[in-house]
Protein chains: 2
Amino acid sequence: MMSPAVGCKIRNVPTLLTCKLPVHLSTSVSRLLPPCFLPLCALRVSSSPGDFRPLHRHSREEQNIAIYPHIEILSHSYSILTLFLVQKTGGTQLKLLISFPNHGQALLKPMKQSRDTETDVNLFYFSDFERHNAEISAFHLDRLLGFNRIPPVVGRLMNVTADIREKTTDHKVSRTFFTSPAGNVCFYGQCEYYCSTEHPVCGRPHLLEVSLAAILPDLSLAPRRSWRSPWRRSYSRTKLAQWEKNPNYCDSVKQTPPYSQGTRLVDLIDMAVLDFLMSNMDRHHYETFEKFGNETFLLHLDNGRAFGRHSQDEPSILAPLQQCCRIRRSTLLRLRLLALPDFRLSDVMRESLAQDPLADAAPLLSEAHLSALDRRLAAVLQVVHTCQEKHTDVIHDDLDRYDQDSLTDRNTKQ
Amino acid sequence: MMSPAVGCKIRNVPTLLTCKLPVHLSTSVSRLLPPCFLPLCALRVSSSPGDFRPLHRHSREEQNIAIYPHIEILSHSYSILTLFLVQKTGGTQLKLLISFPNHGQALLKPMKQSRDTETDVNLFYFSDFERHNAEISAFHLDRLLGFNRIPPVVGRLMNVTADIREKTTDHKVSRTFFTSPAGNVCFYGQCEYYCSTEHPVCGRPHLLEVSLAAILPDLSLAPRRSWRSPWRRSYSRTKLAQWEKNPNYCDSVKQTPPYSQGTRLVDLIDMAVLDFLMSNMDRHHYETFEKFGNETFLLHLDNGRAFGRHSQDEPSILAPLQQCCRIRRSTLLRLRLLALPDFRLSDVMRESLAQDPLADAAPLLSEAHLSALDRRLAAVLQVVHTCQEKHTDVIHDDLDRYDQDSLTDRNTKQ
């Protein structure tokens, strides 16, 4: 077993958090990612998209490794090498597809509002702005929870003129550039929401904070399936979804494939825990790789509407946990660990986020947001506790095989 | 001559500020308006629109009185008597036309952002939100400057449901009502900018701050002429207006009717002073009553984009003064008075605004905005000073006739 990385401030990491898998990390990537905890272990780095090789193995953890082939292109040292750039279609808000000289690509979301801005209480989840720092923070939180389901996201300072205006080949983007009254270079692209002079993306005067997310392998190489979440919201100002009206909603979900067998239901509950912690109400779909069939891990893409409000929580996001009363043992252990004073979630998030290049400009999450994480974590544990008082089958024990595998590994090495 | 109102905190008001005209004010109106200074003197109140009688007299001041026949409908005691309400056409942002049981009407602009929100530095003047408190504050400032060119505006707390939703006969408005995630009653109407779920007008949960501006007499009774300001901005993200490119621009304006004779040019410069003080860049047009011909006072309608930014000034708004180097003597005397410690503009504005019903909720202008007024006033006086160093014809002496009239009045009464 690997011991925690040298220089890691949080020591005495329990067995659950140590690494089980071999790691091949370049120096640049290790600068990018949290130095402690499992996240580092679950990455295998390669230098070009061609290196993507779907792994037809049984373990969810092993499949999971295969989805991050391009992480190297996101590293700090590549920060000025934009090859070209176009607007990404789909979705309702502006995002760009940036291409690098090594044929790697990343999904760019620009900073649109100051980090301390709280989402207006009168705005619906489907009208909220997307936040570059939410994408970055979601990636770190997902790793700290041990899920590893969000492709790597890193922050970067870009030059709006040199890296975007002069590199874009997309007329829909290039025709929207202008210089603002404050002398900043701005643009807004073309999209359904917030693509107008009234909602510009602006440098200061040229420098712009962005998030860059690793692009998944092309759909022709690795087709994905998009699943509508059973706990999807109504996306209406007036209608309620079924799960909001029926407290026994989970009974029917439990009987419906693919939730009726395997780990899909507890995967979904993991996702609800992640989303509740970061207050993301916009999880309408999740994805899986088709090649792995139904017995596979989930992908949590598109987290830009998380971390919008720190001053209040949204208990309805926890409905899958609260209504089904099921949770993975490994997830619960991780949550309990992160509730301990020595491993407090806010502390490890602060440390993890400090590794992102943009942390030099300002902390990726304000203290109010970090503190909300601790408050929400306690709320999750309280829901589990309430479940355990009423039911005996709350814990889905996923660690039996893990412990057995670990023993086998150890025996083989001995 | 009248002495200042009883209970007025600012005493020893110099001659310039005392009242020359008879005043007929109801108790409710006196609660609404500043108790000190000229503003109170320049109002004649009547109870219904039918009382409007254009005054065919020579003096600009006397004409000016005639434009405010409906002020009583705005008073505090009428606050719950909405008869019906429709969306006002024209303009780019949401405004409503509210009708009262006595057939009076007012133009309603709702609060859309918190009072402390500063306009984003990257937003153009033509994209800025309209602010209800800017409409109210502009009215008070205009009175304190002695211009009396803005029809009365008063703030009011309205019930979105009882006073608007249940009273509107306008489908364009009624179909946009909804309850926000925070449980507030919201609507957005139909307009060019900011009329969408993303930019709702919301009560808390029902109460909404609005500004109500006295509606001018119907155009069939008192037709008005709209004049394009010679110092109008380009309303383009890239183009500059002529006056921005040509420092001698005023020479050509001075030779063009109606600016080539009478007081129109100094009227325009008064307007520039008002707009600079409140940082209003959106003065594309002004209006006059046709019946008074060219020798008449100006109307400064639509001040919702003033008071957007307190942390910086916009010197270009002063271009008419700076380029023409002309100013009314009465205006200059008023400005100098308001720069004295005992009559500081910020102090008299604070006191004046405190009379508005909405001041009970929070000051209409933050201290930062009030303090900006003093800073900008000093800047105006500096521009005049610089003009006087270069030219001998800076002062347009409009007080000769005034003094003579006063003497005549006094002689008649004696």
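1. Is Cys324(B) buried or exposed, at 4% relative accessibility? Cys324(B) counts as buried, because 4% falls under the 20% limit for that class. The structure under discussion is a predicted model, and the points below should be read accordingly.

2. The partner of Cys324(B) is Cys250(B): the two form a disulfide in which the sulfur atoms are 1.9 Å apart. The torsion about this S-S bond is about 110°, so the disulfide is right-handed. Cys250(B) belongs to helix α7 (residues 249–254) of chain B and Cys324(B) to helix α9 (residues 319–324) of chain B, so the link ties together parts that are 74 residues apart in sequence. Cys250(B) is buried as well, with a relative accessible area of 1%.

3. Chain A has a disulfide between Cys250(A) and Cys324(A), with the sulfur atoms 1.9 Å apart. This link is right-handed, with 110° about the S-S bond. Here Cys250(A) sits in helix α7 (residues 249–254) of chain A, while Cys324(A) sits in helix α9 (residues 319–324) of chain A; the pair is 74 residues apart and links distant parts of the chain. Both cysteines, Cys250(A) and Cys324(A), are buried.

4. A further disulfide in chain B joins Cys191(B) to Cys195(B), whose sulfur atoms are 2.0 Å apart. The link is right-handed, with 100° about the S-S bond. The two cysteines fall into separate accessibility classes: Cys191(B) counts as partly exposed because its relative accessibility is 22%, whereas Cys195(B) is buried because its relative accessible area is 16%. Over all chains, the structure holds eight disulfides.

5. Chain B also contains an open sheet of three strands, ordered β5-β6-β7, with antiparallel pairing. The edge strands are β5 (178–179) and β7 (201–202) of chain B, each of which pairs on one side only. Strand β5(B) is joined by two bridges to β6 (residues 185–187) of chain B, and these strands run antiparallel. Within the sheet, Thr179(B) stands opposite Val185(B) of β6(B).

6. The contact between the chains involves 24 residues from chain B and 23 residues from chain A. About 1800 Å² is buried between chain B and chain A, and carbon and sulfur atoms give 57% of that area. Three residues of chain B, namely Asn122(B), Glu198(B) and Arg237(B), supply 36% of the area that chain B buries against chain A, more than any other three residues.

7. Which kinds of polar pairing occur between chain B and chain A? There are 13 residue pairs in polar contact between chain B and chain A, counted where both residues have pLDDT 80 or more.

8. Over all chains, the count comes to 42 salt bridges. In one of them, Arg224(A) pairs with Glu287(A), and the closest N and O atoms are 2.5 Å apart. Arg224(A) lies in strand β9 (residues 224–228) of chain A and Glu287(A) in strand β10 (residues 285–289) of chain A, 63 residues apart, so that distant parts of the chain are linked. Arg224(A) counts as partly exposed because its relative accessibility is 23%, whereas Glu287(A) is buried, with a relative accessible area of 19%.

9. Asp282(A) forms a salt bridge with Arg305(A), with the closest N and O atoms 3.1 Å apart. The former residue is in the loop between α8 (264–278) and β10 of chain A, the latter in the loop between β10 and α9 of chain A; the two are 23 residues apart. Asp282(A) is buried, with a relative accessible area of 9%, and Arg305(A) is buried, with a relative accessible area of 10%.

10. In chain B, Arg375(B) forms a salt bridge with Asp313(B), the closest N and O atoms being 2.6 Å apart. Arg375(B) belongs to helix α12 (residues 367–390) of chain B and Asp313(B) to the loop between β10 (285–289) and α9 of chain B, 62 residues apart. Arg375(B) counts as partly exposed because its relative accessibility is 35%, and Asp313(B) counts as partly exposed because its relative accessibility is 23%.

11. Finally, a network of salt bridges in chain A links Arg149(A), Asp267(A), Asp270(A), Arg328(A) and Asp398(A).

Conventions:
Residues numbered from 1 in each chain as written. Chains lettered and ligands numbered in written order. Predicted model: local features only at pLDDT ≥ 70, side-chain atom pairs only at ≥ 80, totals over all residues. Heavy atoms only, no water. Pairing = 2+ DSSP bridges. Helix = DSSP H or I, 4+ residues; strand = E, 2+ residues; numbered from the N terminus. Disulfide = S-S within 2.5 Å. Buried < 20%, exposed > 50% of the residue type's maximum accessible area, 1.4 Å probe, protein only. Contact = heavy atoms within 4.5 Å. Buried area = accessible area lost by both parts, 1.4 Å probe. Polar contact = N/O pair within 3.5 Å; in protein donor to acceptor, adjacent residues only side chain to side chain. Salt bridge = Lys/Arg side-chain N within 4 Å of Asp/Glu carboxyl O.
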